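I opened my notebook today to look around a structure and write down what I found. Come along and check each entry as you read.

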Amino acid sequence: MEAGKIKIALTGNPNVGKTTLFNALTGSRQHVGNWPGVTVEKKSGSVSYKEYDIEVIDLPGTYSLTAYSMDEIVARDFIIEEKPDIVIQVVDASNLERNLYLTTQLMELGSKILIVLNMCDIAEERGDRIYIDKMQELLATPVIRTVASQKEGICDLLDKVIEQKEVQQHHGHEIGYGTEIEDRILEIEKVLAEDETRDTRYPLRWISIRLLEGDSNVREKISKSPVYDRVIQIIDSIDQEEYEAEIADKRYLAINTVFPQMCTRANGKLTKSDMIDRVLTNKYLGIPIFLALMWGAFELTFAFATPFMDMIDLSATWFAEYVSSSLQPAWLASLVGDGIIGGVGAVLVFVPNIFILFFLLSLLEGSGYLARAAFIMDKLMYKIGMHGKSFIPMLMGFGCNVPAIMAARSIEDEKDRLITILVVPFVSCGARLPIYVLFAGTFFGRQAGTVIFGMYVLGIIIAIISAKLLRATVVKGKPAPFIMELPPYRVPTLKTSLIHMWDNGFMYIKKAGTIILVGVVVIWVLASFPWGVQYGSEDSYVGSLGHAVAPLLKPLGFDWKISVALIFGLVAKEIVVASMGVLYGAGESSDVLSDRLIADSGMTALTSLSLMAFSLLYMPCVATVGVIRKETGSWKWAVFAIFYGIIVAWITAFVIYQGGVLLGY
Amino acid sequence: MDISGTVDEKPDTRLPMIFSLICGFLYVILGLLQMVAGAGRILIGTDFVMPLSGILFVPADVIGSFVLLLIGTVFLYGVMEMRSGTYEGISYAYVGILLALIFAVIYLLVSTGNMLEAYLLGNEEFADWTLLSDMKPGIYLAILPLFAYIKWKDFFEPTTEASFRMDLK
């Protein structure tokens, strides 16, 4: 261990406040949320304290070291293979008994542990009493009390980390599993010890227990050992399920022996969380309440943002007039006015909607309601062949599909995870919002909020139908049982919500200044050449491109201009609106663009509905395709997502448009 | 409606039950009126004017009517539970109040946006806009839940389940 440098790892059950503690320790702004599984990748940060450089690693949450999901394996492998100086187990003080299960496993691993009792405020509010001194004594492990969200106890924790760094010896803990199991452990240990090439980072006793518990990951790790066959012979001779249950029972027996000495629980208290859950998870009222809240969120996203959009519009008008009057020659004025300001401006005007949407999503997430949404949807999800946990990544997809697909790592079953990854792109992300706001605002007036809400619901419905289809065809099987912890409701902090809103909103602004800017310049060039043609006319390159694709999209009610916008929207969905801004020569103003869309005889309310649905469903953006490839480890599924999305979008838009025409709209 | 002081001794659900009953009926009735107004607008056209809609500020908004009906149902569901002796039925009164307040805040924020359009930006579309233009049942019906929330804040604080059951016997 290098003097002055300490590496600590934060581990613990999901949703116990590891990332909140990480942010409090390092001053980072990592995303926190009130549901299990927010962190799926390890994150690192550092803090300098009392002449020490402390590297802090935030690991994904895990209930046990018998890793079942990808994020749990990440956590376990880091602790074992990277050997941090100190493993800090963050423990939810309001759920102490269950959290201690992981403690027993960490102790078996031989790591130097420090326990952080977090969320003490919630436990105390409920009337629980935890005797920290007794807890330290019984576990022979230092225990520090913190309320990470209020930065309480952070200095005490850092002091203890430094103190522990100097401690060379730490108490080794062993849980006795009874004569029969202990004999088997010893037997396996002996055989493993014969392999001199073995990885010495893994304690033999720990590996033996894991093997008896049927840990496939550990089994794979020893698969190249010369003693592998002999070990498997021992394991095959036992009833593994019985052993696994017996080992867990013994651990809980140990916990139940020490628990009453370190904690007294307030008996049977009905908390506000319980009261709210009684209603929000009611089998009849749960789903209608969820839909009503989502409708309210989208109504607000549209209606409250409108004056702020107009303010941006007015500012942009002034800016565009100033730039246009100052620029010469004419082509440069056209590039800046029609191209850059028309395109990028058409996207930037929706910044208020994006900010409001992310703020509201952050409130839903921080309050703990997302976990309930997954819970109330589970029955329906199971019926259609999806895992209840899949609903959380789907809701996360309202913000951005990329982290939503990564959030699927918390799903243990590989097939469930694959289906979730493939259907998340149908969930409407923030990038599609400008398309809805533009067209719903233009063609549906005061009902725009409801139309936008309808698009989000349509995305979820298509995702669910697709899941059913995938489950019945390419990814056959039954979804795994759904077990998820419902976190207590909390009032989300304004700071966290504002940070979440800013981080995501800023990404949107950044995109406008980079990829969308490049996109609109390319469209402007294509709309201006060959030299001498009328800007954006059918004779320009962009016109030719549009006409080449238009026959395929004509049954959906789209003309060549929409076709071009959709082609460029493949890169990023916001470019659909930017392209419309450029092609309709709307300059900087979204009002002008709306007026020109209404004036275009080819654009009707029905066409706009068809276009919104197509934009929602057709091919995921480039970043999403990239993350699908990464998460599935194959191009096959990424290509599948592209073509499947295009087909589904075409069919849906066709049904909407042709159905509307048949009904006389 | 002062029920403070009774919490520790004998939580009495009669008052919350009467309150939930009144709120539930008001929300359901106005929800139905709003639904008729909305459906009439869709089926008959803009000529359709529902009686009382002007006085009660009932907009022709079908989705909004579902929200009112939902809040009303939550209150009435609580009444049924409390009547059957289940103290936890108080949860429905609490959540009903919260939902009523959440949607009232949403409507008020939407109205604030329109006010900015009318008075700050001078948008022509909002030339005739007044404070009453956005008045709707979802806003004025929330006054009663608001008072209840303020008055009964402590009543909804955590209490032991054991004592609930004991009190009912």
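**Entry 1: the kind of model.** I noted before anything else that this is a predicted model.

**Entry 2: a sheet in chain A.** In which order do the strands of the open sheet lie? I looked it up and found 6 strands in the order β2-β3-β1-β4-β5-β7 of chain A, with mixed pairing. At the edges I found β2 (43-49) and β7 (143-145) of chain A. Each of these two has a single partner strand, so one side of each is left without a neighbour in the sheet. I also wrote down the twist, which averages 25 degrees from one strand to the next.

**Entry 3: the strand β4(A).** Is β4(A) buried or exposed? I found that 7 of the 7 residues of this strand, residues 86-92, are buried, so β4(A) is largely enclosed by the rest of the structure.

**Entry 4: the neighbours of β4(A).** I looked next at the strands that pair with β4(A).
- With β1(A), residues 5-12, β4(A) pairs in the parallel sense over 5 bridges.
- Thr11(A) has Gln89(A) of β4(A) as its bridge partner.
- With β5(A), residues 113-118, β4(A) runs parallel and is joined by 6 bridges.
- Val90(A) has Val116(A) of β5(A) as its bridge partner.
- Val91(A) is bridged to Leu117(A) of β5(A).

I also noted that β4(A), helix α3(A) (residues 96-109) and β5(A) make a right-handed β-α-β unit. Another helix, α5(A) (residues 132-139), lies across β5 and β7 of chain A and runs at about 155 degrees to β7(A).

**Entry 5: two helices that pack.** Two packed helices are described by the angle between their axes and the distance between the axes. I looked up both values for α25(A), residues 541-553, and α26(A), residues 560-568: the angle is about 95 degrees and the axes are 7 Å apart. Angles of 65 to 115 degrees count as roughly perpendicular, and α25(A) and α26(A) are therefore roughly perpendicular to each other. Among the residues that make the contact are Leu545(A) and Val549(A) of α25(A), and Trp560(A) and Ile567(A) of α26(A). The residues of this contact divide into 8 nonpolar, 4 polar and 1 charged.

**Entry 6: one leucine.** I picked Leu458(A), which lies in helix α22(A), residues 448-472. Why does Leu458(A) count as partly exposed? It has 19 C-beta neighbours inside 10 Å, and a buried residue needs 20 or more. Leaving out residues up to four places away in sequence, Leu458(A) touches Ala613(A) and Leu616(A). I also compared Leu458(A) with Ser428(A): they are 30 residues apart in sequence, and their C-alpha atoms are 8.8 Å apart in space.

**Entry 7: where the chains meet.** How many residues does each chain give to the contact? I found 29 residues from chain B and 26 residues from chain A. On the side of chain B, the elements that give two or more residues are α2 (62-83), α3 (90-120), β1 (159-160) and α6 (161-168). Of these, α3(B) gives the most, with 13 residues. By class, I wrote down 20 nonpolar, 6 polar and 3 charged residues for the side of chain B that touches chain A.

Terms used
Residues numbered from 1 in each chain as written. Chains lettered and ligands numbered in written order. Predicted model: local features only at pLDDT ≥ 70, side-chain atom pairs only at ≥ 80, totals over all residues. Contact = placed C-beta atoms within 7 Å. Helix = DSSP H or I, 4+ residues; strand = E, 2+ residues; numbered from the N terminus. Nonpolar A, V, L, I, M, F, W, Y, C, P; charged D, E, K, R; others polar. Buried ≥ 20, exposed ≤ 12 C-beta atoms within 10 Å, placed from the backbone. Pairing = 2+ DSSP bridges. Right-handed = clockwise from strand over helix to strand, strands pointing away. Axes fitted to C-alpha atoms, helices over the stretch in contact; angles between N-to-C directions. Parallel < 35°, antiparallel > 145°, perpendicular 65-115°, else oblique.
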